[in-house]
Amino acid sequence: MLAPVEKPYGAWLSPITADLIVSETIGLGQIALSGDAVYWVEMRPTEGGRNVILGRTRDGEVKEINPAPYNARTRVHEYGGGAYLVAGDSVFFSHFEDQRLYRCRIDDSIEPLTLEGDYRYADAIFDRFRNRLVCVREDHTDKTREPVNTLVSIPLDGNKRISVLASGADFYASPRLSPDGSQLAWLTWNYPNMPWDGTDLWLAPVETAGSLGESKHIAGAADESIFQPEWSPTGTLYFISDRTGWWNLYRWREQQIESVTRMEVEFGVPQWVFGLSTYAFESAERIVCAYSRDGVSHLAIIDAASGVLEELETPYTEIGSLRAQAGYAVFIAASPTEFPAVVQLDLATREVEVLRRASEMSIDSGYLSIPEAIQFPTTAGALSHAFFYPPKNKDFTGLPGERPPLLVISHGGPTAATNNVLSLKIQYWTSRGIAVLDVNYRGSSHYGREYRQQLKGQWGCADVEDCVNGALYLAQRGEVDRERLAIRGSSAGGFTTLAALTFHEVFKAGASYYGVSDLAALAKETHKFESRYLDHLIGPYPERADLYAARSPIHAVDKLSCPVIFFQGLEDKIVPPEQAEQMVEALREKGVPVAYVPFEGEQHGFRRAENIKRALGAELYFYAQVFGFHLAERVEPVAIENL
């Protein structure tokens, strides 16, 4: 074996290219089980980000359910999820182009189920007793008011008359019908809460004609988050609540709430999208579940009667979209060395079968950086969490005495979390000699309600301080070059990035992907789901307009003096292009090095292969110019003004 060549960090030649990332990687989501078949969704960058439903039979035959141009993606809450449902010989899905529900039959015929109109549908269930779907509907028909969310009934007998089952709350989710069809459970929440702040679980009898009787409040409050109600095969209602400070499993039995688990771990996750699942019934006696401890997922079986939990050993550190049937469980899983995959676990033999991988490519382990979970001190005497990826490339080593540049990643949300699974978008940097710190700043999930609540009123402060202190912590350990620290983030992470660059002098460069620069504009212009999110994160608007102005990078451009590159989808309804363009213009006029890369046809998050590739290459080129290292490959240049 040849000895590694000494070469400056950032200038290493890597086999993990942007072409490789976009051409051989897909996204995986929302698993469903029906009979012996397993279904999942693939997001394909090479098809413009089209979401395709795949069905796999027991004998291994895989079939595409919605052929092009059908795109199974809903825009309820803008973030979607829960876009399809399997029921008998039919698959129902929301088509992204017109947001109508469609029915695909076993003979491959596809027909619209709902009429044309400005409506969106998500999170549907099948009511076999009344031959209908029950789902969340978002009504956008009246432009003089905000969209109206309800639970609706959609008949399957050809009658296209939709009836409203429940209304009056600001938001609805998770309609769940009891096994005998006699009761319906669902979740609601109201402004200014987000679903991880406080939700309510309701239960109502279903009348013979299909309407709902008087509803009963089961659990939840303004300061208690309920997640994923499910019925056991014997008709007991289960749900997850964070009433103890941690999302644990409970059930409603004999008119009272019983605790099933009581652990300082997270069985729930933030409900950014519909269709999330962290537990499922293998039988009336056994529950298969996934929970997170310190940012790492674990798989287990719970005995429903005793609550005893048996952990199952797996090679995975991230597990989600869990479903189960007698004898087996199916979920999406990944690890630091394995791409996300649809995995089937035989519960008797404990053997794992991979049904579909996000990528079939094989990456030599000599090019993979294995993350280290770290804690580091931050402001107010608190500790923050992150995953640190040192540079790794078997062919190269840094020059003697040189320390690598560091790229800090601030995740979106901000109520979300990063994980330690194999991501080529991280290995892209580390295999070129650039260290990465992926931060789970205060406010992130996976660490309990108290940790999530530490961002309350502190967005733009606590998250920023954690990114700053994480970078300084590594520099003090001698792991990275103090003079070559950069930060990047998308959406809410883009705001954290811009705030860190504006209000601190630690980072020397940054990249904002559709990041927020004007908090007041976000409060006034964003979509319904997040329209009051900032009440908790900052304060009510306009009552605390002073805080919105003080924390907005656009109002403090005079303090920003390091190079920044901006990436923006021109059809983004969550963070409109004006947010980036105002910052670009202000930096241009000030004489600060700045680059702007807009993308036609992209919304909030880039889905098209050519745009993902362009953004990665442009960001790498940008850092090379700013930090002064020579790239080992040819990358399409990006115009950097004032450099």
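A: Happy to! In this predicted model, Asn611 has a relative accessible area of 10%, so it counts as buried, the cut-off being under 20%. Asn611 belongs to helix α10, which covers residues 609-627. Its side chain makes a polar contact of 2.9 Å with the side chain of Glu602. Setting aside residues up to four places away in sequence, Asn611 touches Phe599, Glu600 and Glu602.

Now to the rings. The structure holds 33 aromatic pairs. One of them joins Trp272 and Phe529: the ring centres are 6.0 Å apart and the planes lie at 70°, so this pair is edge-to-face. Trp272 is in the loop between β21 and β22, while Phe529 is in the loop between α6 and α7, so to speak a link between distant parts of the chain, 257 residues apart. Both partners are buried, Trp272 at 13% relative accessibility and Phe529 at 2%.

Another edge-to-face pair is formed by Tyr514 and Phe606, with centres 5.3 Å apart and planes at 75°. Tyr514 is buried, with a relative accessible area of 11%, and Phe606 is buried at 12%.

Trp272 and Phe529 also belong to a cluster linked by ring pairs, together with Tyr79, Phe171, Trp189, Tyr191, Trp196 and Tyr533.

Rings meet charges too: the charged end of Arg432 sits over the ring of Tyr428, 4.0 Å from its centre, and that of Arg452 sits over the ring of Trp247 at 4.1 Å.

Technical notes: Residues are numbered from 1 along each chain as its sequence is written. This is a predicted model: local features need pLDDT of at least 70, side-chain atom pairs count only at pLDDT 80 or more; totals for chains, interfaces and linings use all residues. Side-chain values use heavy atoms; hydrogens and water are left out. Helices (H or I, at least four residues) and strands (E, at least two) are DSSP runs, numbered from the N terminus. Buried means under 20% relative accessible area, exposed over 50%, partly exposed in between (1.4 Å probe, protein chains only). A polar contact is a pair of N or O atoms within 3.5 Å; within protein, one must be able to donate a hydrogen and the other to accept it, and residues adjacent in sequence count only if both atoms are side-chain atoms. Contact means heavy atoms within 4.5 Å. Rings of Phe, Tyr and Trp (its six-membered ring) pair if their centres lie within 6.5 Å; planes under 30 degrees apart count as stacked, over 60 as edge-to-face and the rest as tilted. A charge sits over a ring if NZ of Lys or CZ of Arg is within 6 Å of the ring centre and within 35 degrees of the ring normal.
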